[in-house]
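Welcome! Please take a moment with the sequence and the 3D view, and then we can walk through some packing and charge pairs together.

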Amino acid sequence: MVDSTGQASLRDTSMAGSSGAKVDEAPGTDAQPESVIPVTDAPTDGVTEMLTSPRLSLRLDLNQSCSLLIMDEDNKMESDQPPKKTPLNKYALACALLASTNSILLGYDIGVMSGAVLFIKDNMNISSSQVEILVGSLNVCSLIGALASGKTSDMIGRRYTIILSATTFLIGSLLMGFAPSYPFLMAGRVVAGIGVGYSLMIAPVYTAEVSPAMTRGLLTSLPEIFITVGILLGYIFNYALAGLPHHINWRLMLGLAALPAIAIAYGVLQMPESPRWLIMKGNIEEAKRVLRKTSDNDDEADLRLEEIIKAAGSTTNWKGQGVWKELLRPTKPLRRILLAAIGINFFMQASGNDAVVYYTPSVFNAAGIHNRKGLIAVTIIMGIAKTFFCIVSALFLDNFGRRPMLLLGTIGMAVSLAGLGLGSMYLHNVDYKPPWAIALCVVAVCADVSFFSIGLGPITWVYSSEIFPIRLRAQGTSLAVSVNRLVSGAVAMTFLTISNKITFAGTFFLLCGVMVVATIFFYFFLPETKGKSLEEIMAIFEDKKEETIER
């Protein structure tokens with residue numbers, strides 16, 4: 001067949017070739033030069049035969065298929081490549097470090113009091129009940145600071161609230177260091193406790209508000225890292241000062257906390273204010289400047305600014321008004337947020353970790369280690385383990401997510417507390433204390449605080465500070481932290497009494513059961529927040545029910 005241009009149809013020619021039919025030249029035509037394709041019904045030149053050859057068609061098909069396969073493989077390899085690691089913004093890191101140093105004060109108090117209380121008891125001749133009140137009073141009084149910190153930070157800003165926290169703790173440390181009597185010492189604990197309450201709420205909230213979404217887990221874990229570093233420093237100073245006379249050593253242990261408080265108050269003055277608080281105050285331009293410094297590029301800063309402004313709505317000159325009304329009459333999404341925030345803070349302290357740290361010397365004394373310097377040396381080992389695993393958790397939190405690390409930590413704590421209870425069973429009221437049981441108790445205590453540092457320790461502060469909406473964040477977090485402090489004080493002030501009634505073994509088995517319940521709670525009620533902006537997290541709690549139905 002010849003088409004309208006006079007060219008032979010390739011389709012008909014290829015069909016003829018494929019069927020084996022012979023195509024003859026038209027009569028009366030002369031031979032054409034090889035370089036010219038004849039316009040006839042049956043071209044026989046080499047070029048046309050090559051173009052219409054079935055072998056060439058097959059070759060072309062194979063080449064095309066191979067090309068497609070190679071392209072698909074390249075695309076697959078590109079998709080299999082791990083995502084590029086988000087760089088850590090140095091300015092945001094500096095802000096987080098400065099804010100988190102405030103938490104070192106609480107850690108130092110926890111660590112130093114575990115050793116100082118041994119000497120206070122002898123020097124002031126106080127009872128075990130008075131020791132419990134002395135230790136637990138800081139946690140109970142920190143409830144006052146935690147409740148007040150939300151409203152305070154909404155009024156005067158996050159930065160000045162951190163300074164107020166450090167100043168309050170400074171005054172409390174000096175009162176404790178110079179205390180001439182037990183009531184005077186208690187007064188210092190009350191003042192220092194209020195400062196601790198402010199610190200525990202404001203440090204993670206400020207850090208969460210200045211941090212980019214992809215590195216928020218690491219940066220918001222820094223307050224817990226500084227708490228563990230403070231605990232370790234407290235243990236070290238206990239060991240270093242234990243050889244001094246008993247009426248001097250504990251005063252130095254407690255009074256030295258005033259030095260970092262002064263440095264912290266000065267350092268915080270160099271920090272910028274939280275961009276989210278600035279937007280709530282209507283200071284958009286200053287917030288934009290801070291966001292440009294804490295973001296990787298201007299586009300990211302503009303996107304974060306847009307999200308924050310949208311979440312803040314039309315609020316200007318914000319002073320925290322009306323928040324408690326919303327918290328006490330919550331909507332369904334807010335109710336889920338409150339359940340998650342209060343739940344994780346409750347179980348953090350119901351785990352008994354603070355009490356274990358406070359009374360570790362007493363636990364090891366009951367286990368058969370009687371030398372005081374030896375007791376304090378064991379606590380240093382525990383502090384090193386706690387600090388190491390807290391840093392490990394912070395480094396991997398943004399990669400693995402909050403939920404996996406939290407569940408790993410609580411399961412590990414349950415197993416460790418069971419081991420601690422088992423070892424304590426063979427050390428209670430017996431003349432011969434098996435070395436394996438003593439070793440098991442030491443290992444189990446170190447494992448317990450290590451798993452706490454992997455899960456509940458850092459993640460409680462990260463999670464509590466990131467799940468509340470912008471308007472409710474400070475005061476919502478302060479409510480959750482207040483529960484944290486209340487439970488911590490109750491555990492610290494009853495730990496020895498309960499242990500005397502049901503033995504240390506019974507207490508540790510009880511705490512093991514609490515961790516089992518905590519694991520179940522976290523599995524069902526705490527959704528993952530990794531990699532999401534603070535403004536996106538609210539949608540997780542709003543859509544939770546619908547997503548469950550769809551699955």
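Is Glu466 buried or exposed? Glu466 counts as buried, because its relative accessibility is 0%.

## Before we start

This is a predicted model, in which local features need pLDDT of at least 70 and side-chain atom pairs count only at pLDDT 80 or more, while totals for chains, interfaces and linings use all residues. Residues are numbered from 1 along each chain as its sequence is written, and side-chain values use heavy atoms, with hydrogens and water left out.

Buried means under 20% relative accessible area, exposed over 50%, and partly exposed in between (1.4 Å probe, protein chains only). Helices (H or I, at least four residues) are DSSP runs numbered from the N terminus.

## Salt bridges

The whole structure holds 11 salt bridges, each being a side-chain nitrogen of Lys or Arg within 4 Å of a carboxyl oxygen of Asp or Glu. In one of them, Glu466 meets Arg216 (2.7 Å, N to O). This pair links distant parts of the chain, as Glu466 lies in helix 23 (residues 456-466) and Arg216 in helix 9 (residues 216-220), 250 residues apart. Arg216 is buried because its relative accessible area is 1%.

Glu209 and Arg158 also meet in a salt bridge (3.1 Å, N to O). Glu209 belongs to helix 8 (residues 182-210) and Arg158 to helix 7, 51 residues apart. Glu209 is buried at 0%, and Arg158 is buried at 3% relative accessibility.

## Helices side by side

Now look at helix 7 and helix 11 (residues 246-255), whose axes come within 8 Å and cross at roughly 175°. Axes here are lines fitted to C-alpha atoms over the stretch in contact, and angles run from 0 to 180 degrees between N-to-C directions. Helix 7 is therefore roughly antiparallel to helix 11, a label for angles over 145 degrees. Where they touch (heavy atoms within 4.5 Å), Ser173, Met176 and Gly177 of helix 7 meet Trp250, Arg251, Leu254 and Gly255 of helix 11.

Helix 12 has buried residues too, including Ala261, Ile264 and Val268. The buried residues of helix 12 pack against helix 4 (90-100), helix 5 (104-124), helix 7 and helix 11.

Leu269 sits in the loop between helix 12 (258-268) and helix 13 (275-280). Why does Leu269 count as partly exposed? Leu269 does so because its relative accessibility is 42%.

Methods: Helices (H or I, at least four residues) and strands (E, at least two) are DSSP runs, numbered from the N terminus. Angles under 35 degrees count as roughly parallel, over 145 as roughly antiparallel, 65 to 115 as roughly perpendicular and the rest as oblique.
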